[in-house]
Amino acid sequence: MARRALITGITGQDGSYLAEYLLEQGYEVWGLARGQANPRVSRMRKLLSDVRVVRGDLLDQGSLISAVERVQPDEVYNLGAISFVPMSWEQAELTAEVTGMGVLRMLEAIRVCSGVSRGASTGSGQIRFYQASSSEMFGQVSETPQNERTAFHPRSPYGVAKAYGHFLTQNYRESYGMFAVSGILFNHESPRRGAEFVTRKVSLGVARIKLGLATELRLGNLEARRDWGFAGDYVKAMHLMLQAGTPEDYVIGTGRMKSVRELAEAAFSAAGLDWERYVVTDQTLHRPAEVDLLCADPKKARVQLGWEPNVAFDELVALMVESDLKLLSAGGDLDQDSSWP
Ligand code: NAP
Ligand code: G4F
């Protein structure tokens, strides 16, 4: 019988790549979708017609219990979150509820539905749980590169909410013997990345300028450095973590970092343009507290899971620019329905 996976956050970037990958592996894939008439659900259905949809919301415990009861999954991937860091200052309580408490509700749904009790051991037949933890938890980093033992010092309400979800996942593993793991993923991007994140903002900005639809690109802190990889590579790591013999947490990243300035340089250059002529810095885009740098040490994932990233930074940037040039040339815009190529 096909293994069954339930993915929260199915309408997001990672949900789409993970669903595609699991379908290729022969899984029956279910996606949890929220809202009465969520336009992102129809966009997802266009791309992934084989995904089955179950309604539910990370804010609603009962809906998660119903979803788990209905789907009877072998694996649950909790990717749903408010994931845009600046929004977490504007709606800190909502971020805590969705990104933090949502983890508790999902874990409880699994615990209740599978009848797991205290002190059980991680046996076969259990629902395996993946939590989308984040390198934002490292925040003001205490060492570079960051590994599974690096201390957390989150710098945003989002990072704090993710740290709660991370520790709770560990706690359910230790308290109930659940096969519950966290992937501490560093920034990963793609042509399906939300337009609010800096890589896609830049690739879309370059495409608009190249096509004569804009004359400048406004950015915030050009000195921030990130470890950027390709989302398609990272969802494979999520799957590998749930196939491992023992439940453990892993850092996933490339081990290389670039600044936002270098990102802009690479993206404009991919379109044959000089970034300095178009990029304007805007103080209003700076954050109340910044994460200056993030760089992964993915050694544990390489050694224990055999995971390695395949797409390098320059290749990733070029493919995003190329994709946005095609999208905008074909008359696409950023309506929720058409922002995915
Ligand atoms: P994304 O594109 O922003 O997708 C977020 C998803 O969460 C969307 O499907 C959204 O659904 C869903 N969601 C929001 N509120 C919800 C609620 N109340 N109930 C159920 N679902 C809800 O994020 P992503 O880039 O794919 O990232 C996936 C996960 O990995 C997130 O948890 C993110 O925080 C984490 N992460 C991402 C990165 C990265 O670089 N991409 C790195 C580390 C960790 P709607 O369509 O209904 O809004
Ligand atoms: O692309 P960003 O918004 O991503 P950020 O804040 O690193 O968060 C992403 O990665 C996390 C993993 O580390 C995830 F957990 C999280 O869900 C999300 O996917 O910003 C990257 C950097 C920041 O330092 C920001 O200050 O780019 C800088 N930046 C400079 N100008 C900008 C801009 N960011 C955005 N979004 N827009 C700008 O105009």
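Residues are numbered from 1 along each chain as its sequence is written, and chains are lettered from A and ligands numbered from 1 in the order in which they are written. Because the model is predicted, local features need pLDDT of at least 70 and side-chain atom pairs count only at pLDDT 80 or more, while totals for chains, interfaces and linings use all residues; side-chain values use heavy atoms, with hydrogens and water left out.

**Stop 1: ligand 1**

Select ligand 1 and the 26 residues around it (a residue is near a molecule if one of its heavy atoms lies within 4 Å of it). Thr11, Arg34, Arg40, Ser83 and Tyr158 come nearest. Next, show the polar contacts (pairs of N or O atoms within 3.5 Å). A polar side-chain atom of asparagine 38 is 2.8 Å from an oxygen atom of ligand 1. For serine 83, a side-chain N or O atom lies 2.7 Å from an oxygen atom of the ligand. At leucine 58, a polar backbone atom lies 2.9 Å from a nitrogen atom of ligand 1. Taken alone, ligand 1 exposes 900 Å², and the protein buries 92% of that (areas come from the Shrake-Rupley method with a 1.4 Å probe).

Now colour the helices and strands (DSSP runs, H or I of at least four residues for helices and E of at least two for strands, numbered from the N terminus). The largest share of this shell, three residues, comes from β5.

**Stop 2: ligand 2**

Move to ligand 2, which has 24 residues around it. Ser134, Ser135, Tyr158, Arg287 and Glu290 come nearest. Select arginine 287: a polar side-chain atom there lies 2.6 Å from an oxygen atom of ligand 2. Arginine 226 also has a polar side-chain atom 2.8 Å from an oxygen atom of the ligand. Glutamate 196 uses a backbone N or O atom, 3.0 Å from a nitrogen atom of ligand 2. Alone, this ligand exposes 710 Å², of which the protein buries 95%. The elements giving two or more residues to the shell are α7 (198-210) and β8 (217-219).

**Stop 3: methionine 44**

Select methionine 44, in helix α2 (residues 39-47). Is methionine 44 buried or exposed? Methionine 44 counts as buried because its relative accessible area is 0% (buried means under 20%, exposed over 50%, partly exposed in between, with a 1.4 Å probe and protein chains only).

Conventions
A polar contact is a pair of N or O atoms within 3.5 Å; within protein, one must be able to donate a hydrogen and the other to accept it, and residues adjacent in sequence count only if both atoms are side-chain atoms.
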